[in-house]
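Please look through the structure shown below, keeping both the sequence and the three-dimensional view at hand. The report that follows takes up a few of its features in turn.

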Amino acid sequence: MNQKFSEEILAARREIVRVQVERFHLFYYDFFHQAETIEMAKFFFETVYNLDGKEEWEALAFQTYDKVKNMLKEGTRESIERLMELNSITDDLDIQMAKLLLTKGWVYGNEINQEEYFQLFCELDKRELRKKQLEVVLFNLKKFYELAHKPVSAYIIKPAAMMSKLLGVYPLFKKVEQGYYATLPVNQTLFDEFYTLVQDKEWNFLYKAFPSLKEES
């Protein structure tokens, strides 16, 4: 999984990530500007998607996770596994998008716009993988919210962080911890509003790109 890519491909991937994060800011503007939801929006649309330390996180996840998973609580284990799954799918799609972008003559420093991004998205045509990606995103949204709002989580999150540091897998756990604190201040009504909006906007984005997916659903 921890493949080496050329600087050119990595630069193109950074541009793909940038334009996708820009789309999220456009789609979910209100949630990026409400005090209670800023951290949640940043977590799901920036932190989970952040390239900083991504290679380290990937290497750790795939090399050491099997050795420690039985020491983790079920909820934590499931959250990490779903993040790993999402990371793997997203990385695969972003690299493929980056390679396609390079075939269009893209050069470092050029910013693509939303229309150009959407054309690439359609042309790559990974509709089944995109569908899977969205299903995992929506599952993660709910799971992180549920985990943060279980009363017992308040008592286990710090010991779990300490244990993960002792085991040498804190970068793995860190994203779960960040998700916990990002969703903690959000009440159920606001979260439901956020979840419904993400569900509607992301499925509609997919259906616009690939109308056949709507016909199948």
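## A buried tyrosine and its partner

In this predicted model, Tyr 207 has a relative accessible area of 17% and is therefore buried, since a residue counts as buried when that value is under 20%. Trp 203 also counts as buried, because its relative accessibility is 17%. Both Trp 203 and Tyr 207 belong to helix α10, which covers residues 188–209, and they lie four residues apart, which is about one turn of the helix. In an α-helix there are 3.6 residues a turn, so residues three or four places apart point the same way.

## Charges over rings

Which ring has the charged end of Lys 142 over it? That ring belongs to Tyr 195, and the charged end of Lys 142 sits 4.8 Å from its centre. In another place Arg 23 lies over the face of Phe 27, at 4.8 Å from the ring centre.

## How two helices cross

Two packed helices are described by the angle between their axes and by the distance between those axes. For helix α6, made of residues 114–124, and helix α10, the axes come within 9 Å and cross at roughly 70°. Because angles of 65 to 115 degrees count as roughly perpendicular, α6 and α10 are roughly perpendicular to each other. The crossing in which α6 passes α10 is right-handed.

## One face of helix α3

Helix α3 runs over residues 38–47, and its buried residues are Met 40, Ala 41, Phe 43, Phe 44 and Phe 45. Seen down the axis of α3, these buried residues fall within an arc of 160°, so they line one face of the helix.

## A contact across the sequence

Asn 140 is found in helix α7, which spans residues 127–148. With a relative accessibility of 4%, Asn 140 counts as buried. Although Asn 140 and Leu 83 are 57 residues apart in sequence, their C-alpha atoms are 7.5 Å apart in space.

## The chain as a whole

Of the 217 residues in the protein chain, 45% count as buried.

Definitions and conventions. Residues numbered from 1 in each chain as written. Predicted model: local features only at pLDDT ≥ 70, side-chain atom pairs only at ≥ 80, totals over all residues. Heavy atoms only, no water. Buried < 20%, exposed > 50% of the residue type's maximum accessible area, 1.4 Å probe, protein only. Helix = DSSP H or I, 4+ residues; strand = E, 2+ residues; numbered from the N terminus. Arc of directions from axis to C-beta. Lys NZ or Arg CZ within 6 Å of the ring centre and 35° of its normal. Axes fitted to C-alpha atoms, helices over the stretch in contact; angles between N-to-C directions. Parallel < 35°, antiparallel > 145°, perpendicular 65-115°, else oblique. Left-handed = near helix turned anticlockwise from the far one by under 90°.
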